[in-house]
Amino acid sequence: HDYTLAQFAHLDDPLPDYANPDLVEIAERLLAARQAGRASIWMMGAHMIKNGLSRYVIDLMERGLISAVAFNGACCIHDFEIAAIGATTESVARYIREGQFGLWTETGRINDIAVQAAQEGIGLGEAVGRVIWEEAFPHREVSILAAGYRLHIPVTVHVSLGYDIIHEHPNCDGGALGAASYTDFLVFTQQVTQLEGGVMLSLGTAIMGPEVYLKALAMARN
């Protein structure tokens, strides 16, 4: 693994001051949305997780400043791996040559969880978060998925088939992944219906975030 929790120990220290004036307005709008009972949606890409920033997202969730989080499939994988073993991010250059890239038994369990989610009619994010929390994964305190399950805040996973390492595994059920991820899309869209006067942030996701948001917005307005 190229990233471990030990590398992020310094992030427990107070954050330095930031000069970007937009942060002040974002903070004010998040507070206003919370006071008005409107949605504050945080759409994100996986680099935020694998660079050790999960604990800050969880802190905002615990403070009631985020009402929903939207993941891509890679976010789910990094969150699951860190919760399970305190490390994530393999060397693609090394393992692609050895024919082992992404084929880790532990991570492949997400496919089994997706099947269970589809059978129950729940979203992939809720199902994975439930497993991490209820099975007391060693590092569940830094899992955004587990925090969502614990706090009853939706954490949705928007999967693109063929994008993620778990799609290489023999236990991958594309239908189950699709069903569970589509349930998450509907959960996300319901959150968008509460967005007037709220906040929508898209951080580190150039494709999933904007595209999923546009479709959910169209449905909400319709």
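Trainee: Which residue caps the N-terminal end of H8?

Mentor: First, this is a predicted model, where local features need pLDDT of at least 70, side-chain atom pairs count only at pLDDT 80 or more, and totals for chains, interfaces and linings use all residues. Residues are numbered from 1 along each chain as its sequence is written, and side-chain values use heavy atoms, with hydrogens and water left out. Helices (H or I, at least four residues) and strands (E, at least two) are DSSP runs numbered from the N terminus. For H8, a side-chain oxygen lies 3.4 Å from the backbone nitrogen of Leu-145, and that oxygen belongs to Ser-143.

Trainee: And which residue with positive phi follows H8?

Mentor: Helix H8 covers residues 144-151. Phi is near 60 degrees in the residue that follows H8, His-152.

Trainee: In what order do the four strands of the open sheet run?

Mentor: Strands pair if DSSP finds at least two bridges between them. E5 (155-158) and E6 (199-203) each have a single partner strand, so they stand at the edges, one side of each left without a neighbour in the sheet. The pairing is parallel, and the order is E5-E3-E2-E6.

Trainee: What angle does the direction of H8 make with that of E5?

Mentor: Axes are lines fitted to C-alpha atoms, for helices over the stretch in contact, and angles run from 0 to 180 degrees between N-to-C directions. Contact means heavy atoms within 4.5 Å. H8 packs on the sheet, touching E2, E3 and E5, and its angle to E5 is about 135 degrees.

Trainee: Which backbone nitrogen lies 2.9 Å from a polar atom of the Asn-72 side chain?

Mentor: Asn-72 lies in strand E3. The backbone nitrogen of Ala-74 lies 3.3 Å from a polar atom of that side chain. At 2.9 Å, the backbone nitrogen is that of Cys-75.

Trainee: Which helices give two or more residues to the lining of the largest cavity?

Mentor: The helices are H3 (54-62) and H4 (73-85).

Key: Polar contact = N/O pair within 3.5 Å; in protein donor to acceptor, adjacent residues only side chain to side chain.
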